[in-house]
Amino acid sequence: MMRRALLTLALAGAAAPALAQTTPATPPPAAPATAPDPARQAAAERLLRQMGMEATLDHTFAELTPFFAKAVIGELAGNPQSKAMIDAIDSASPDNHDRMIAILSQEFTLAIKRQYPAFIKRAAIEYAAAFTTEELQAIANFYATGPGAKALKLLPELQTKIGAQGRELGRIAGAEAGKRAFARIRQEMLPETRSKSS
C-alpha cells in the first residue's frame, strides 16, 4: 500500500515543473483537526525511526526514480511545446537519452530526500491518531526484540523478492491483456475488421 502511494506521489504531475505549467499545485492532505498529544507524537516518531522509515523511502524511491524519469521524458516528448527540445537533445548524441534519465533521477532523489522530514512527521501524526502512547510503545517493544527485530531486518529483502515476482506477474498479465484487448478493439471499433471476421 505504501509503495503504491509513493508511486502516485512520484509520478503525479511529474512533467509539470519541466513544462513550467502554471496550474496550482495540489495542496497536501489536511492535518487531523485535533493536534496529537506531544508524548504520543514523540512515541510515533520514535517508532517510525525504529522501523527504518527513511531507509524504506530510500529503497522505494530508488526503484521508482527511473520510472519517474522516463515518465517525464515521455510527457515532454509528447507535448508540442517541448517535443523539439527533446528531439534536439536526443539527436545531439546517442548517449543523451540515458543522460537525461540519469539527471532527472538524480535531481528527483535530491528533491524527495528534502521532503522526508515533513513526510515522516505527517506519518507520525497518522500513527499518533491511530494508536495510544502505550500501544505505540508496545509496537516498539515488539520490533526491538525477537521476531519483531527479525521482521525489521528481513522485510526489505522479502519486499524486494515479492516485488520482483509481482513485476513478472504484471508483465505476463500485461502482455496477455494487451493482446486480447486490441483484438477486441479491432473487432468492436473497426468496421472493416468486423465485416472480414463475420
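Let's start with helix 3 (residues 38–50) and helix 7, which pack at about 120 degrees with their axes 8 Å apart. Helices here are DSSP runs of H or I, at least four residues long, numbered from the N terminus. Axes are lines fitted to C-alpha atoms over the stretch in contact, and angles run from 0 to 180 degrees between N-to-C directions.

A word on the source. This is a predicted model, where local features need pLDDT of at least 70 and side-chain atom pairs count only at pLDDT 80 or more, while totals for chains, interfaces and linings use all residues. Residues are numbered from 1 along each chain as its sequence is written, and side-chain values use heavy atoms, leaving out hydrogens and water.

Back to the pair. Helix 3 and helix 7 are therefore oblique to each other. Oblique is what remains once angles under 35 degrees count as roughly parallel, over 145 as roughly antiparallel and 65 to 115 as roughly perpendicular. The crossing of helix 3 past helix 7 is right-handed. Who makes the contact, meaning heavy atoms within 4.5 Å? From helix 3, the residues include Gln 41, Ala 44, Glu 45 and Leu 48. From helix 7, Ala 124 and Tyr 127 are among them.

Now zoom in on Ala 124, which sits in helix 7 (residues 116–130). Is Ala 124 buried or exposed? At 0% relative accessibility, Ala 124 is buried. Buried means under 20% relative accessible area, exposed over 50%, partly exposed in between, with a 1.4 Å probe and protein chains only. Leaving aside residues up to four places away in sequence, Ala 124 touches Gln 41, Ala 44, Glu 45 and Leu 48.

Next, rings. The whole structure holds 4 aromatic pairs. Rings of Phe, Tyr and Trp (its six-membered ring) pair if their centres lie within 6.5 Å; planes under 30 degrees apart are stacked, over 60 edge-to-face, the rest tilted. Tyr 127 and Phe 131 make a tilted pair, 6.1 Å centre to centre with 40 degrees between the planes. Tyr 127 is partly exposed at 25%, and Phe 131 is partly exposed at 29%. Ring pairs also link Phe 61, Phe 68 and Phe 108 into a cluster.

Last stop: helix 4 (residues 53–78) and helix 6 (residues 96–114) pack at about 130 degrees, axes 8 Å apart. That makes helix 4 oblique to helix 6. The contact includes Phe 61 and Phe 68 of helix 4 and Phe 108 of helix 6.

Definitions and conventions
Helices (H or I, at least four residues) and strands (E, at least two) are DSSP runs, numbered from the N terminus. Contact means heavy atoms within 4.5 Å. A crossing is left-handed if the near helix is turned anticlockwise from the far one by less than a right angle, and right-handed if clockwise.
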